[in-house]
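Visitor: Please walk me through this fold, one question at a time.

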Amino acid sequence: MTQLTLYVGNKNYSSWSLRPWLALEACGIPFQDVVIPFDFPAGNPKFKDISPTVQVPVLHHGDVRVWQSLAIIEYAAELFPDAGLWPKDPAERAVARAYSMEMLSGFRALRGACPMNIRREKRAIALPDGVTGDVERIETIWREAVARSGGPFLFGSFTAADAMFAPVVNRFEIYDLTRNPGSLAYMDAVKTHPAFRKWQEAALQETWIVPEDEA
């Protein structure tokens with residue numbers, strides 16, 4: 001099979017890059033990753049050469065170009081149907097996709113106020129309107145999913161749904177957004193997964209600083 005190449009942004013900040021990278025890595029799908037940092041005020045001009053949206057992440061597979069995190073995951077799931085990117089049960093798979101779509105399109109208050117930042121020390125900030133509601137909805141998703149599956153991940157084993165929420169795990173931790181034992185247990189399962197730790201180690205070695213993501 002032609003090699004998959006996933007182009008990603010700064011591993012310290014790029015939440016949308018983390019999602020497909022983590023899904024592929026955790027599920028054992030072979031790929032090469034290439035970091036192109038967004039360290040220019042108007043975006044890195046190299047993005048124009050690799051992405052039709054001039055954004056990352058984007059997956060190259062031969063002549064195929066796939067952009068947007070969830071579309072990349074879905075493409076990989078079609079190429080590797082036995083990798084476990086989605087739950088096997090059709091009903092559970094539908095719920096996993098619904099959660100992932102909710103993450104894709106929602107929680108804008110949380111994302112705007114609390115950027116992902118792997119290097120950031122844990123410290124609370126004043127939260128603008130809407131963030132508390134986002135936190136409550138996310139914790140409801142985690143609580144209900146883990147209760148159904150038995151954990152430690154949303155659907156028992158690690159799936160694309162967990163990858164979609166992984167940047168939120170970082171946000172909850174570094175902005176001290178929850179003290180709920182169930183949420184903390186789920187967050188710990190994600191943070192200690194070998195794939196997440198691999199991303200984290202690479203992120204901690206980066207030296208780029210993006211001021212708007214240093215909340």
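Predicted model: local features only at pLDDT ≥ 70, side-chain atom pairs only at ≥ 80, totals over all residues.

Visitor: What is the strand order of the open sheet?
Guide: Strands here are DSSP runs of E, at least two residues long; helices are runs of H or I, at least four long; both are numbered from the N terminus. Two strands pair if DSSP finds at least two bridges between them. The sheet has four strands and mixed pairing, in the order 2-1-3-4.

Visitor: Which strands stand at the edges?
Guide: Each edge strand has a single partner strand, so one side of each lacks a neighbour in the sheet. The edges are strand 2 (32–35) and strand 4 (64–67).

Visitor: Which residue stands opposite V8 in strand 2?
Guide: Strand 1 (residues 4–8) and strand 2 run parallel, joined by four bridges. Opposite V8 stands V35.

Visitor: At what angle does helix 3 run to strand 4?
Guide: Axes are lines fitted to C-alpha atoms, for helices over the stretch in contact, and angles between N-to-C directions run from 0 to 180 degrees. Helix 3 lies across strand 1, strand 3 (58–61) and strand 4. Its angle to strand 4 is about 130 degrees.

Visitor: Are helix 1 and helix 3 roughly parallel or roughly antiparallel?
Guide: The axes of helix 1 (residues 15–26) and helix 3 (residues 69–79) come within 8 Å and cross at roughly 15 degrees. Angles under 35 degrees count as roughly parallel, over 145 as roughly antiparallel, 65 to 115 as roughly perpendicular and the rest as oblique. Helix 1 and helix 3 are therefore roughly parallel.

Visitor: Which residues of helix 3 does helix 1 meet?
Guide: Contact means heavy atoms within 4.5 Å. Helix 1 brings W16, R19, P20, A23 and L24. They meet S69, I72, I73 and A76.

Visitor: Is the crossing of helix 4 and helix 7 left-handed or right-handed?
Guide: The axes of helix 4 (residues 90–105) and helix 7 (residues 160–174) come within 9 Å and cross at roughly 25 degrees. A crossing is left-handed if the near helix is turned anticlockwise from the far one by less than a right angle, and right-handed if clockwise. This crossing is left-handed.

Visitor: How many charged residues are in the contact of helix 4 with helix 6?
Guide: Helix 4 and helix 6 (residues 131–149) pack at about 165 degrees, with axes 12 Å apart. That makes them roughly antiparallel. E92, V95, Y99 and E102 of helix 4 meet R137, I141, A145 and R148 of helix 6. Asp, Glu, Lys and Arg count as charged, and the contact has four charged residues.

Visitor: Is H193 buried or exposed?
Guide: H193 lies in the loop between helix 8 (181–191) and helix 9 (194–204). Buried means under 20% relative accessible area, exposed over 50%, partly exposed in between (1.4 Å probe, protein chains only). With a relative accessible area of 15%, H193 is buried.

Visitor: Which residues does G84 touch, not counting those up to four places away in sequence?
Guide: G84 sits in the loop between helix 3 and helix 4. At 30% relative accessibility, G84 counts as partly exposed. Beyond those sequence neighbours, G84 touches C27, F158 and T159.

Definitions and conventions: Residues numbered from 1 in each chain as written. Heavy atoms only, no water.
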